[in-house]
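Could you walk me through this model in my viewer? I would like to know what to select next and what I will find there.

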Amino acid sequence: MLGNEALLKFQRAIEINSHYSKPQNNLGNVLSELNRYDEAIDHYKKAIAIEPNYAEAFYNKSIVLKDQGKLEESLVQYITAIEIKHDYFEAHINIGIYWDNRGEFPKALSLFKKAIQIQPQNAHGYLTLANSFYNNKNWHEAINNYRVALKLKPELTQAKTNLDIVLRQVGNKK
């Protein structure tokens with residue numbers, strides 16, 4: 001019900017002023033949450049047409065395209081978001097994941113490290129970097145980065161679980 005209420009509110013805001021980018025973007029987010037992806041993309045496009053340097057609209061559009069399996073199109077949107085907003089942590093992480101999933105570890109590593117430079121206190125950057133090291137069988141770096149993530153955010157269950165797994169694999173439970 002909350003999604004439908006938000007949907008109506010943003011639709012009403014757009015009726016009042018269709019030339020304001022934020023309600024277009026927010027309506028896109030609500031439609032995405034309701035799995036109405038094509039409509040969401042239309043509203044992100046409208047937000048971008050109104051405000052061509054709206055990095056968040058490009059980023060949100062990229063998420064929906066990724067969810068639709070349109071990975072190359074999604075990548076273009078992430079890159080555009082970073083070109084507009086150079087310190088876009090989440091976009092750097094997601095482009096890194098894109099490259100990591102394609103076996104392009106050096107490209108992924110560079111993006112994860114850039115994200116960590118942008119937000120050095122964000123445990124999710126270290127978690128993502130650790131996962132990439134793990135996937136590339138660099139156990140030592142995976143362990144180090146899981147530990148940093150847990151130091152920053154001790155309740156980060158995924159980091160704890162993944163650290164336990166890699167420590168068991170290397171026989172170095174501490």
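## A tour by selection

With 17% relative accessibility, Asn94 falls under the 20% cut-off and therefore counts as buried. Keep in mind that you are looking at a predicted model. Asn94 sits in helix H6, residues 89-101. Show its surroundings next: leaving aside residues up to four places away in sequence, Asn94 touches Tyr59, Ile63 and Tyr78.

Now select helix H2 (residues 21-33) together with helix H4 (residues 55-67). Their axes lie 10 Å apart, and the two pack at an angle of about 15 degrees. That is under 35 degrees, so H2 and H4 are roughly parallel to each other. Their crossing is left-handed. To see the contact, display Asn25, Asn29 and Ser32 from H2 with Glu56, Ala57, Asn60 and Val64 from H4. These residues divide into 2 nonpolar, 4 polar and 1 charged.

On to the salt bridges, of which there are 5. Glu56 is partly exposed at 28% relative accessibility, and Lys85 is partly exposed at 31%.

Finish at helix H10 (residues 157-170), where Asp164 and Lys160 lie 4 residues apart, about one turn of the helix. They form a salt bridge whose closest N and O atoms are 3.0 Å apart. Asp164 is buried, at 16% relative accessible area, whereas Lys160 is partly exposed, at 42%.

Terms used
Residues numbered from 1 in each chain as written. Predicted model: local features only at pLDDT ≥ 70, side-chain atom pairs only at ≥ 80, totals over all residues. Heavy atoms only, no water. Buried < 20%, exposed > 50% of the residue type's maximum accessible area, 1.4 Å probe, protein only. Contact = heavy atoms within 4.5 Å. Axes fitted to C-alpha atoms, helices over the stretch in contact; angles between N-to-C directions. Parallel < 35°, antiparallel > 145°, perpendicular 65-115°, else oblique. Left-handed = near helix turned anticlockwise from the far one by under 90°. Nonpolar A, V, L, I, M, F, W, Y, C, P; charged D, E, K, R; others polar. Salt bridge = Lys/Arg side-chain N within 4 Å of Asp/Glu carboxyl O.
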